[in-house]
Amino acid sequence: MENSRRKFIKQSAVFAAATYAGTMGMSAKSYGRIIGANDRVRVGVVGFSDRFKDTLLPCFLNHNKELNFDIVGLSDLWNYRRDLGIAHLKGKFGHDIKACRNNDELYATKDLDAVIISTADFQHALHTVEAVKANCDAYVEKPFAETMDDAKAAFKAVKASKQIVQIGSQRRSGENYINAAKFIQDGKFGPITAVDLVWNVNQPGRWRRPDLVAKLKEEDIDWKRFLLNRPNEAFDPRKYLEYRLFWPYSSGMPGQWMSHQIDTVHWFTNLKHPRSVVANGGIYTWKDGRRNWDSMVAVFDYGQPDTTDGFQVTFTSRMQNSVGDVGEVYYSNGGELNLMTNKVSPKGGLREKEAAAMGLKANLLPEFDLSKTEIKAATGANMGGDALTSGHMRNWMECVRSRKTPNAPVEAGYSHSIANIMTNAAVRTGAKAVFDEGKQEVIANGKVFKY
C-alpha cells in the first residue's frame with residue numbers, strides 16, 4: 001500500500017511538473033520531490049560509527065518528523081556493530097530496520113532515497129560513488145577524500161548525477177560562520193593578511209578503541225571489502241577501528257580536524273586550494289604504534305596563481321596539551337575576526353602612532369558581533385547533537401526535498417581534499433607540496449603524491 005502511494009505521488013508530480021520544471025532549470029523527475037512533499041524520504045545508514053550514533057543520528061532526529069524522513073536500513077561490515085546499530089535504530093524509530101552485511105545489500109533495498117555515510121576516512125569518496133550510482137542522495141562525513149584519485153572519481157560521479165550530496169563541513173551551516181563569510185566577502189574586513197587555525201586537545205584516548213579492538217575477529221568482518229582500493233595489508237583490528245591513527249586509512253589531524261577549518265578559508269575567499277604547503281611534527285607523546293603524528297604545524301601559502309599577493313595560513317594541532325583550544329582567527333591590517341569569540345575587533349590593527357610614523361592613517365576595524373544578526377538557523381526539536389551539525393543535517397534534508405544546492409556541495413569537499421592531501425604529502429615526504437592545476441594532482445619532490 002505504501003509503495004503504491006509513493007508511486008502515485010511521484011508519477012503525479014512528474015506529470016504536473018512536466019512544463020513548469022523546465023523554467024526552473026531542473027528535470028521533472030527531480031521536481032517531483034517538491035510536489036510530493038508528503039512522500040516519506042527513506043534513508044539508509046552506511047556505517048554504524050560513533051560519529052553517526054552520537055551526533056548525526058540525534059541531529060537527524062531533530063528534524064525527521066517535521067520533514068518526513070525515516071531510516072529503513074543499515075550497512076556495517078562487522079556483525080557486532082551491525083547488530084548494535086539495528087537494535088539502537090529500532091528503539092529510536094519503533095519499526096524494523098533492514099540489516100545489511102555490505103553496501104550492495106543496502107542499495108538493493110527497494111525505494112531507498114538517500115544515505116548517511118559515516119565510515120572510515122579513506123572510504124568516504126568511494127562510498128559516495130556507490131551512493132550516487134545507486135541514485136541516492138548522500139550526507140557524507142569529511143574528509144571527502146584522502147587521495148586525488150579518489151577525490152577526482154567521486155567528484156566526477158557526483159557531477160554526472162542528479163543527486164544531492166552534502167559534505168559534512170558543518171561550519172557552513174553555522175550562523176556565526178555565515179556572517180563571517182559575508183563580512184569578509186562584502187569587503188568590510190579588508191584584505192586577509194594571515195589566518196591561524198588551531199586544534200589542541202589533551203586526550204590520550206582520542207581515536208583509540210581498545211575495548212572494541214579486543215572484540216573484533218577477522219571472521220566477523222569482510223577485511224578485503226574494508227580495504228577497498230588501498231594496498232593489501234594483513235588483518236589488523238586496530239586499523240579497522242582506530243583507522244584515524246594509521247595512514248593510508250586516514251591522514252589523522254589534517255583529514256579529521258584541519259578539513260573543517262581549511263574549508264572556511266576556501267569559503268570566505270573563494271580560493272580553491274593553497275599554492276603550497278610545508279609541514280613539521282611527529283609522534284612525541286602517544287607512542288602506541290600509531291603512524292600519524294600527535295603534534296604538527298602546517299604552513300600554507302594562499303593567493304591567486306602567478307601573483308605575489310596573498311596571505312599565510314597556519315594549522316597548529318597537538319594531542320597532549322589543550323591550551324589554545326579549537327578555533328579560527330582571521331587577521332587583516334585593521335584587526336581580527338575571531339571565530340572562537342565570534343567577534344570582529346580592532347585588536348592588532350594599525351594604530352594612529354604607528355601609522356603616522358610612515359605618513360599613513362590609522363586602520364582600525366569597528367567592533368562587530370558575528371553571532372547576533374537577523375540570520376537564524378532552524379533547529380527543530382532538540383534531540384541532541386551540536387547546533388552546527390543539526391543545522392547542517394537540516395539543510396541537507398531540506399535540499400533533498402527542494403533539489404537546491406546544499407550549503408556544503410561536492411565542490412567544497414573536493415577543495416578541502418586538495419588542501420588535506422597537500423598537507424599529508426608534505427608530512428609524508430618532508431617536501432613542499434604544490435598543486436598541478438592542469439593535471440589536478442598534488443606534487444611533492446617533483447612526483448605525484450599517492451601513498
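Predicted model: local features only at pLDDT ≥ 70, side-chain atom pairs only at ≥ 80, totals over all residues.
How many bridges join strand β12 to strand β13, and do these strands run parallel or antiparallel?

**Figure 1. The open sheet of 11 strands.** The strands follow the order β14-β13-β12-β11-β7-β10-β9-β8-β15-β16-β17, and their pairing is mixed. At the edges lie β14 (368–369) and β17 (447–448), each of which pairs on one side only. In general, strands of a sheet pair through backbone hydrogen bonds, in either a parallel or an antiparallel manner.

**Figure 2. The pairing of strands β12 and β13.** Strand β12 comprises residues 335–338 and strand β13 residues 343–345. The two strands run antiparallel and are joined by 3 bridges. Within this pair, E336 stands opposite S345 of β13.

**Figure 3. Helix α10 packed on the sheet.** Helix α10, formed by residues 175–185, touches β7 (192–200), β11 (326–332), β12, β13 and β14. The direction of the helix makes about 150° with that of β12.

**Figure 4. The crossing of helices α14 and α17.** The axes of α14 (residues 253–269) and α17 (residues 410–429) come within 9 Å and cross at roughly 120°. The two helices are therefore oblique to each other. Their crossing is right-handed.

**Figure 5. The residues in contact between α14 and α17.** Helix α14 contributes P254, G255, M258, S259, I262, D263 and H266. From helix α17 come A412, S415, H416, A419, N420 and T423. Sorted by class, the contact has 5 nonpolar, 7 polar and 1 charged residues.

Methods
Residues numbered from 1 in each chain as written. Heavy atoms only, no water. Pairing = 2+ DSSP bridges. Helix = DSSP H or I, 4+ residues; strand = E, 2+ residues; numbered from the N terminus. Contact = heavy atoms within 4.5 Å. Axes fitted to C-alpha atoms, helices over the stretch in contact; angles between N-to-C directions. Parallel < 35°, antiparallel > 145°, perpendicular 65-115°, else oblique. Left-handed = near helix turned anticlockwise from the far one by under 90°. Nonpolar A, V, L, I, M, F, W, Y, C, P; charged D, E, K, R; others polar.
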